[in-house]
Amino acid sequence: MKRILVIHGPNLNLLGQREKDIYGQTTLEEIDVQLQKLAKTHSVELLTLQSNHEGDIVDKIGSAKKEGFAAILINPAAYTHTSVAIRDAILAVSLPTVEVHLSNIYSREDFRHKSLVAPVAHGQISGFGVNSYLLGLQAVLGIIK
Ligand code: DQA
C-alpha cells in the first residue's frame, strides 16, 4: 500500500479557535479525519503530523523517502514564506510534493504572496478551506497512481 506523508506547519494545531473568519471552524483533527477517509477509499496509507518547529519538519521531510513515503502533502503555514530549509529538504528528498493553504494567500498581506515552497512543489492549492487539503490529496493520488 502506498504511503503519503501529510505535514501541517506552525499554528495549525490551533485551527477551530484561530482567526476563524480566515481559517474556518474546522479543527485539525477533523481535517485529518476527512483526509483519512479519502485515503481509505483510495487504498493509500496516510501519516499526518503537525509541528510548530521548522527543524522537525525538515527532519521529517528528509527521512520521508527512507521511511517509504511516495509523496508529501504539506501546508507549511507561516514557513511557506520564510523557510529555505523546508524548500531545500523537498528538493533534497525529491518526492512529489503538493502545497496547500486553507486561505487564499494571494488575497492577503503582501508578505504572504511569496511561497518559497511553490517553485519546488508539483503544484499549489490555495483558498478553498478544508477542501484545499482534500483537493491536494486528490492531486497527490493522481501523481502517484
Ligand atoms: C496558511 C497561510 C499562511 O500564510 C499562514 O501563515 C498560515 C496558514 C493557510 O493555510 O492559509 O499559518 O498556510
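Which polar backbone atom lies 2.8 Å from an oxygen atom of the ligand? The atom belongs to Leu102.

This is a predicted model, in which local features need pLDDT of at least 70, side-chain atom pairs count only at pLDDT 80 or more, and totals for chains, interfaces and linings use all residues. Residues are numbered from 1 along each chain as its sequence is written, and side-chain values use heavy atoms, with hydrogens and water left out.

Select His101 next: an N or O atom of the His101 side chain is 2.8 Å from a ligand oxygen atom. Proceed to Arg112, where a polar side-chain atom lies 2.9 Å from an oxygen atom of the ligand. The ligand taken alone exposes 320 Å², of which the protein buries 99% (accessible areas by the Shrake-Rupley method with a 1.4 Å probe).

Finally, turn to the largest pocket, in which the ligand sits (more than half of its atoms lie within 2 Å of the pocket's grid points). A pocket is an open set of points on a 1 Å grid over the protein atoms alone, where a 1.4 Å probe fits, with protein on both sides within 12 Å along at least five of seven lines; lining residues have an atom within 4 Å of a point. The largest pocket has a volume of about 150 Å³ (the space filled by probe spheres set on the points). Of its 15 lining residues, select Arg18, Tyr23, Ala77, Ala78 and Arg108, the closest to the centre.

Key:
A polar contact is a pair of N or O atoms within 3.5 Å; within protein, one must be able to donate a hydrogen and the other to accept it, and residues adjacent in sequence count only if both atoms are side-chain atoms.
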